[in-house]
Amino acid sequence: MSGPFRLEGGAVDRSRSLSFCFDGRPMTGHPGDTLASALLAGGVRLVGRSFKYHRPRGVFTAGSEEPSALVELRSGAHREPNTRATVAELFDGLEAFSQNYRGSLRWDLLAANDLIAPFLSAGFYYKTFMWPKSFWERVYEPAIRASAGLGRLSGEADPDCYDKGFLHCDLLVIGAGPAGLAAALAAGRSGARVILADEDFVMGGRLNAETHEVDGRPGAAWAADAVRELASMERVRAMPRTTVIGAWDHGIYGALERRTDHLAAGGGKPRQILWRIYSRRAILAAGATERPIAFGANDRPGIMLAGAVRAYANRFAVGAGRRVGLFTNNDDGWRTAADLVARGVPVAAVIDVRDRAPVAEVPGARILMGSRVTTTRGRRGLKGVTLANGEKLALDCLAVSGGWNPNVHLTCHHGGRPVWRDGIAAFVPGADLPGGMAVAGAAGGAFTAAAALAGGHRAAVEALGALGLPAVAGDPPGAGDEASDGVPFWHVRESRGRAWLDLQNDVTVKDVVQSHGEGFRSVEHLKRYTTLGMATDQGKTANVAALAILAEQSGKSIAETGTTMFRPPYTPVPIGAFAGRSRGREFRPTRLTPSHDWAERRGAVFVDAGMWLRAQWFPRAGETHWRESVDREVRQTRGSVGICDVTTLGKIDIQGRDAQEFLNRIYSNGFATLAVGKVRYGLMLREDGIAYDDGTTARLGENHFVMTTTTVNAVPVFRNMEFARQCLWPGLDVHLISVTEQWAQFAVAGPNSRELLRKIVDPEHDISNEAFPFMACGEVGVRGGTPARLFRISFSGELAYEIAVPARYGEALMEALMAAGEAFDAVAYGTEALGVMRIEKGHAAANELNGQTTARMLGLQRMVSKKKDCIGNVLSERPELNREDGLKLMGFKPLDPEEQLAAGAHFLAPGAAAETANDEGWMTSVAYSPMLGTSIGLGFIRRGHARIGETVRAWDALRGADIPVEIVSPHFYDPEGGLLRG
Amino acid sequence: MLIDHPLLGPRDAAEFVILGDAGLIDRPDWQAEDAARLFHDYQHLRDNPAGGHRELWFHEQGDRSWLVVTRNTVTHEIVKVELARDVAIARERDR
Amino acid sequence: MADPALAPRFPLGGYRRTIGGIALAEPAGLALVSAAVPQGGDEDFAAALAGGFGAVRPGTGDSTPGDRHAARVLGMQPDQVFILFEPPDPDRAAETVAAALGSSAYVTDQSDSWAMLTVAGAGVRAALERICPLDLADEAFPAGRVARTVMEYLAVIILRDGTDSFLLMSPRSSARSFLHAVELSVANASE
């Protein structure tokens with residue numbers, strides 16, 4: 001027997017003993033215990049301190065609605081705060097710590113807050129912490145931050161891994177109590193694909209906590225048999241320890257499955273799995289949650305919900321006290337007295353607010369009908385209560401029942417509002433349910449076992465019928481249909497001392513009254529002003545009573561007052577579970593170029609370009625700064641030959657009888673005259689006339705083109721072209737497919753590029769200047785017939801080519817080019833040198849095509865043909881985009897060659913004040929030019945084309961720079977283009 | 001959300017990218033008298049209904065079809081899904 | 001002395017591993033070529049497919065076998081199929097298809113675009129349900145069904161080619177991320 005309060009029977013496995021620690025104190029329990037039941041068995045009642053006033057608190061419930069018994073579970077990096085002891089499965093070696101105190105749990109220094117409670121009532125922080133102003137940052141805020149929150153995070157990275165998953169079913173049954181089990185059995189026996197999920201580690205719901213009989217057997221035994229039968233059905237998936245956290249669109253539900261939280265160690269497997277469940281129909285059989293009655297000092301350790309007290313007795317074999325009292329407004333609460341007596345736990349008193357005959361006989365108890373509790377005593381644990389007539393009773397446990405609230409939460413997730421049902425004095429689901437969802441059992445307000453079983457069965461048969469599946473379900477299981485009378489009774493008016501409503505956020509009846517008095521009268525305002533219902537328990541044991549009191553204050557009915565709604569998740573979900581595998585380097589997939597491994601072996605420094613890793617530069621031994629490497633790569637390429645992997649640029653294969661016409665409509669410039677064997681630079685506009693991507697398109701055959709795009713726009717360009725193909729011009733015969741991955745592509749640039757390529761391209765292909773001029777393209781063979789494509793295009797301004805081979809040969813080609821290039825001192829160059837060279841040449845790239853700029857601003861207005869329709873043509877002619885004094889892309893050089901320019905600087909006339917009205921443009925791209933020996937930049941400036949030679953200032957307040965610059969042509973290097981055509 | 005693809009059956013919205021109002025199919029004639037105004041309206045003016053909405057979705061991580069989805073923006077109920085190409089042809093865009 | 005020919009590398013380096021009873025392997029020697037059907041060319045294409053590969057044209061989402069080159073034709077899009085086959089010359093896969101289909105189709109090689117991985121074993125669906133949003137139950141995804149979807153942010157083509165066997169294909173550049181995603185699913189789902 002583990003613990004002085006352990007009883008006989010129950011569902012715990014006494015043959016095994018589990019050791020655990022609470023606040024450093026070693027204790028024992030059994031498999032089948034929760035941390036809460038084991039603590040109660042061991043006589044531990046003080047379990048935590050409340051949020052605001054630091055009042056001593058104990059276990060209040062036996063379920064996930066627990067507001068008070070929040071502990072830090074485990075230690076080190078695995079420590080998880082705010083864990084509800086009532087749902088934490090006990091395991092051998094479990095370590096738990098109470099939370100939210102300074103000093104010790106028994107002697108919490110912050111309990112002083114309770115003494116100044118009158119100053120800390122609802123909304124106090126809207127009225128304080130304002131004076132003196134300077135105190136906010138230095139005194140108030142740090143103090144509030146230190147005392148905020150309940151538990152503490154470990155501060156270390158979450159050491160567990162999490163997973164996600166996707167499940168499909170005909171019927172999702174949410175909750176495995178009597179209604180859910182009956183539904184799953186009916187559907188499972190009919191051969192439907194069923195998923196049955198329950199947050200508990202043993203399925204059965206209230207049947208495991210009560211003494212009802214089903215089909216003539218104890219409810220818990222019937223439930224266990226049902227679970228066994230369901231386990232034998234191949235098309236049924238039973239998921240214990242799985243909380244359905246929310247209802248999303250179209251029958252999609254989220255569910256969090258706890259896989260290893262009940263084990264001492266996870267064995268490297270995912271701790272939890274966040275499932276996405278696609279259901280054709282769903283049954284919400286989530287049961288109901290009991291609510292208390294509010295009275296003075298109703299928050300002491302030992303005051304618990306009546307249903308929880310009998311759950312501890314019946315399921316966990318734990319007596320919650322030795323002198324138990326019951327305070328109730330309904331018949332159901334009396335079951336606790338009966339069950340306790342049956343198990344040998346003394347019941348000292350039954351206090352029923354109703355003026356009527358006693359519901360039953362309770363041997364050994366004083367029956368007090370028409371009576372009420374007004375206050376209690378016992379700071380760290382209940383010692384006694386005071387009744388309205390002044391009489392005092394000595395009790396160490398008070399079981400309170402104020403009725404039951406159907407768990408309607410998931411029905412609200414699509415905006416449906418619950419409706420008030422007077423008969424049970426509770427909210428039930430409204431008519432507007434999420435599509436495909438039905439409600440059965442206590443969740444729908446059907447509180448008896450018989451009604452739950454029949455309701456679940458019927459809901460399953462109806463769901464199968466709606467799906468056109470045959471139902472061979474038979475009859476529902478039978479049980480008692482005991483009526484349970486009750487009266488709405490929310491709080492004791494004669495209470496002495498504060499009466500608590502929301503135990504987790506420390507909100508009292510007085511706070512609700514005050515909120516109403518200050519004008520916060522709608523339920524939404526009440527919630528936010530008092531914070532009632534906003535804690536981690538979503539106010540599951542507090543909301544309805546608060547609404548009832550608000551209704552009283554306003555003189556309205558509860559139905560008129562309404563209720564706030566619920567959003568996912570139903571219970572807290574670790575952020576790690578939402579992240580799944582997307583953490584750290586695995587946040588997104590990584591895309592590697594065909595020459596990646598080669599570049600890595602060469603010691604390249606890599607940069608993230610979207611999901612790609614690209615070589616940024618290739619440092620050589622002895623180089624200590626990136627500029628050394630990049631300057632060398634530029635000089636060497638321009639001086640001899642350089643090779644760069646450009647596979648990442650988008651490549652789209654375009655074929656069809658109307659491919660050329662299609663290209664003519666997509667690009668702003670004309671493609672009607674592009675001949676086979678030629679490449680053309682193309683500019684794409686958005687429909688609003690803004691320049692958005694550029695690239696080259698090569699004509700490989702009569703009806704065969706290959707388009708390149710920028711790396712970052714590969715996906716959007718393809719998407720937009722498919723839109724044009726399918727939606728704008730569906731009559732054109734044109735077909736697109738991405739070949740970005742298919743071809744490894746390398747730029748070979750510099751005066752020796754042709755000679756280098758002659759050592760790679762098979763000799764039967766003539767690549768002389770005459771046979772293969774600037775902007776030629778063709779299919780060639782390399783190294784003995786390996787298929788390749790050669791394009792004579794240049795991004796750098798040098799004599800240059802791009803050579804492509806099927807990606808499987810990419811690395812080998814890079815090696816071959818570098819080996820053949822040794823004779824020319826060939827250099828591998830990365831994205832930095834690529835950038836420097838294109839800036840030296842004056843090529844626009846992403847910084848210039850930033851979504852605000854037009855062809856005219858880029859100096860490419862002649863590339864927008866007026867003789868044909870193309871995307872963006874019409875709106876590119878809008879007057880504001882064509883002003884004479886509009887921005888133009890120009891080059892900029894500092895007057896002092898030692899100065900370093902910065903992109904993002906704005907241009908001002910000499911002497912002009914740094915104000916928006918004087919802003920003449922901005923610097924888009926900057927690089928140190930090894931060829932010119934100075935920093936250079938590209939940028940947009942008003943009327944730039946007419947101002948060459950003028951001096952302006954590049955003003956950069958962010959970096960504290962104000963540099964005089966000369967406006968020059970953007971084509972710094974080889975402006976005539978002679979090198980390209982050599 | 002699930003989109004019931006006319007050829008493939010229900011697929012998670014995560015496989016799709018949304019563009020916007022299906023009116024984008026009706027691209028104006030560049031040679032019309034008032035082409036500038038037509039294109040301006042086409043590009044910039046939208047209704048924003050709380051209720052039924054016809055919109056264009058691209059099955060980017062699927063079969064690359066563009067679809068016209070008729071969806072209620074308040075309840076997310078999808079009442080119709082068509083191949084956008086069929087809609088475009090029906091609206092005589094096959095010039 | 002002739003310069004050496006270029007040596008090919010494969011996206012997963014010939015990977016082969018069994019984890020928890022599930023065999024993962026990179027298949028060797030398969031070509032993948034796309035064939036797009038010209039407007040108004042459905043009849044010609046069907047005839048060419050039958051003549052050139054001995055295969056019936058599949059609908060979108062289905063695949064059909066051919067009796068030449070161990071081919072399987074995958075219905076990827078309303079107007080496009082992928083032909084998965086064993087090419088006589090891997091460097092001329094697109095040419096082989098073009099020769100077989102003539103002018104009835106626009107042909108593009110995709111053999112190097114996709115990393116391929118077969119996964120087979122009794123627990124394969126339990127592993128795939130960790131990353132695959134599609135319903136892979138027998139009634140929803142029987143042998144021969146093919147789909148393109150997204151798994152862990154990766155584009156994946158999935159083909160069921162047996163009771164407990166699937167071929168997965170994902171873009172070559174993210175092959176390592178793809179392999180890791182599948183391996184981890186198999187490991188996580190195993191006992």
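**Figure 1. Helix H19 of chain A and its surroundings.** The buried residues of H19(A) are Gly810(A), Glu811(A), Ala812(A), Leu813(A), Met814(A), Ala816(A), Leu817(A), Met818(A), Ala820(A) and Gly821(A). This view, like the others, is taken from a predicted model. H19(A) spans residues 810-821, and ten of its twelve residues are buried, leaving the helix mostly covered. From the first C-alpha to the last the helix reaches 16 Å, close to the 16 Å expected at 1.5 Å a residue. The cover over its buried residues includes both helices and strands of chain A: helix H14 (596-601) and helix H18 (753-758), together with strands E34 (642-645), E40 (743-749), E43 (800-806) and E44 (827-828).

**Figure 2. Strand E33 of chain A and its two partners shown here.** All six residues of E33(A), 612-617, are buried, so the strand is largely enclosed by the rest of the structure. Strand E31 (residues 591-592) of chain A runs parallel to E33(A) and is joined to it by two bridges; Leu592(A) has Leu613(A) as its bridge partner in E33(A). Strand E32 (residues 605-609) of chain A is antiparallel to E33(A), with five bridges between them. E32(A) and E33(A) form a hairpin with two residues between them, and Gly610(A) in the turn has a positive phi of about 65 degrees.

Figure 3. Beyond its neighbours within four places in sequence, Tyr312(A) is in contact with Ala36(A), Ser37(A) and Leu40(A), with Val59(A), Thr61(A), Ala62(A) and Thr86(A), and with Met304(A), Ala317(A) and Val318(A).

**Figure 4. The interface of chain C and chain A.** Contacts here involve 54 residues of chain C and 56 residues of chain A. The two chains bury about 4,700 Å² between them, and 44% of this lies on carbon and sulfur atoms. Of the area that chain C buries against chain A, Leu6(C), Tyr106(C) and Arg130(C) supply 16%, more than any other three residues. Nine salt bridges are found across the interface. One salt bridge pairs Asp135(C) with Arg193(A), whose closest N and O atoms are 2.9 Å apart.

Figure 5. Strand E9 (residues 146-151) of chain C is joined to E10(C) by six bridges and runs antiparallel to it, with Thr149(C) opposite Val156(C). The two form a hairpin with two residues between them; Glu152(C) in the turn has a positive phi of about 45 degrees. Five bridges join E10(C) to strand E11 (residues 165-171) of chain C, again in an antiparallel arrangement, and Ile157(C) stands opposite Met169(C) of E11(C). The hairpin from E10(C) to E11(C) passes through two residues. In a regular strand, side chains alternate between the two faces of the sheet.

Definitions and conventions. Residues are numbered from 1 along each chain as its sequence is written. Chains are lettered from A and ligands numbered from 1 in the order in which they are written. This is a predicted model: local features need pLDDT of at least 70, side-chain atom pairs count only at pLDDT 80 or more; totals for chains, interfaces and linings use all residues. Side-chain values use heavy atoms; hydrogens and water are left out. Contact means heavy atoms within 4.5 Å. Helices (H or I, at least four residues) and strands (E, at least two) are DSSP runs, numbered from the N terminus. The expected span of a helix is 1.5 Å times one less than its number of residues. Buried means under 20% relative accessible area, exposed over 50%, partly exposed in between (1.4 Å probe, protein chains only). Two strands pair if DSSP finds at least two bridges between them. Buried area is the accessible area (1.4 Å probe) that two parts lose on being put together, summed over both. A salt bridge is a side-chain nitrogen of Lys or Arg within 4 Å of a carboxyl oxygen of Asp or Glu.
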